[in-house]
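Good morning, and thank you for coming.

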Amino acid sequence: MKQTLFAIAVLTLCLSAFSADVPAKERSLVHIVCLKFKEGTTPDQIKNLQAQFRAMKDKISEIQSLECGSNISPERAKGFEFCAVVRFKSKEDLDKYIPHPEHQKLATGLKDLVADVFVSDFFEP
């Protein structure tokens, strides 16, 4: 687990370093969320979760794009089974997204399904 978090942190730092000379207003902010489900979480619950994630794109205007899905490489995933990649135009848009009622509703619903979560945010050119 520590190795995975370290690798993701290094990747985030590297990507941030490459985009450091591009002004923030010209870069997208990428918000990555990886989930590890509790034992007993059903495929239907995961399918429903994916639909809820995708629906946020139409409900939260700050979201520029949103992709999500189940991991297809479990041997390298360290138990993380789901990933969402959400893009925003700015850090301010991410800051509006976090407390948004639709996001909070989804986050609250995750508590019964999720054993662990990893989040990383970075700017890309």
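Let me begin with a question: does L113 count as buried or exposed? Before I answer, a word on the source. This is a predicted model, in which local features need pLDDT of at least 70 and side-chain atom pairs count only at pLDDT 80 or more, while totals for chains, interfaces and linings use all residues. Residues are numbered from 1 along each chain as its sequence is written, and side-chain values use heavy atoms, with hydrogens and water left out.

Now the answer. L113 has a relative accessibility of 13%, and therefore counts as buried. The term buried means under 20% relative accessible area, exposed means over 50%, and partly exposed lies in between, with a 1.4 Å probe and protein chains only. L113 is located in the loop between α4 and β4. Setting aside neighbours within four places in sequence, L113 is in contact with K36, F37, K38, T41 and Q45, where contact means heavy atoms within 4.5 Å.

Let us turn to the overall plan. The protein has 4 helices and 4 strands. Here helices (H or I, at least four residues) and strands (E, at least two) are DSSP runs, numbered from the N terminus. Along the sequence, the pattern reads α-β-α-β-β-α-α-β. Of the 125 residues in the protein, 36% are buried. If we take the contacts between residues at least 6 apart in sequence, 74% of them join residues at least 24 apart.

I now come to helix α2, residues 43-59. Why does its length agree with expectation? The expected span is 1.5 Å times one less than the number of residues. For the 17 residues of α2 this should give 24 Å, and the end C-alpha atoms are 25 Å apart, which agrees.

Which residues of α2 are buried? They are I46, L49, Q50, F53 and M56. Seen down the axis of α2, these buried residues fall within an arc of 110 degrees, so they line one face of the helix. The arc is that of the directions from the helix axis to the C-beta atoms. On the other side of α2, D44, K47 and D58 are exposed. The buried residues of α2 pack against β1 (28-37), β2 (63-70), β3 (82-88), α3 (91-97) and α4 (101-110).

R54 also belongs to α2. With a relative accessible area of 42%, R54 is partly exposed. Beyond its neighbours within four places in sequence, R54 is in contact with L66, C68 and G69.

E67 lies in strand β2 and is partly exposed, at a relative accessible area of 39%. E67 and F53 are 14 residues apart in sequence, and their C-alpha atoms are 8.5 Å apart in space. Apart from neighbours within four places in sequence, the contacts of E67 are C83, A84, V85 and R87.

In the loop between β2 and β3 we find K78. Its phi is near 55 degrees, a positive value in a residue other than glycine. K78 is partly exposed, with a relative accessible area of 43%.

The next element is helix α4. Its buried residues are H103, L106 and L110. Viewed down the axis of α4, they fall within an arc of 65 degrees, so they line one face of the helix. P101 and K105 are exposed on the other side of α4. The cover over the buried residues of α4 includes β1, α2, α3 and β4.

Finally, consider the second largest pocket. How much space lies in it? The volume is about 250 Å³. On a 1 Å grid over the protein atoms alone, a pocket is an open set of points where a 1.4 Å probe fits, with protein on both sides within 12 Å along at least five of seven lines; lining residues have an atom within 4 Å of a point. Of the 15 residues that line this second largest pocket, V33, H103, A107, L110 and V117 are the closest to its centre. At least two lining residues come from each of β1, α2, α4 and β4 (114-124), and α4 gives the most, with 4 residues. By class, the lining has 12 nonpolar, 2 polar and 1 charged residues.

Thank you for your attention.

How values were computed: Points joined across faces, edges and corners; volume = space filled by probe spheres on them. Nonpolar A, V, L, I, M, F, W, Y, C, P; charged D, E, K, R; others polar.
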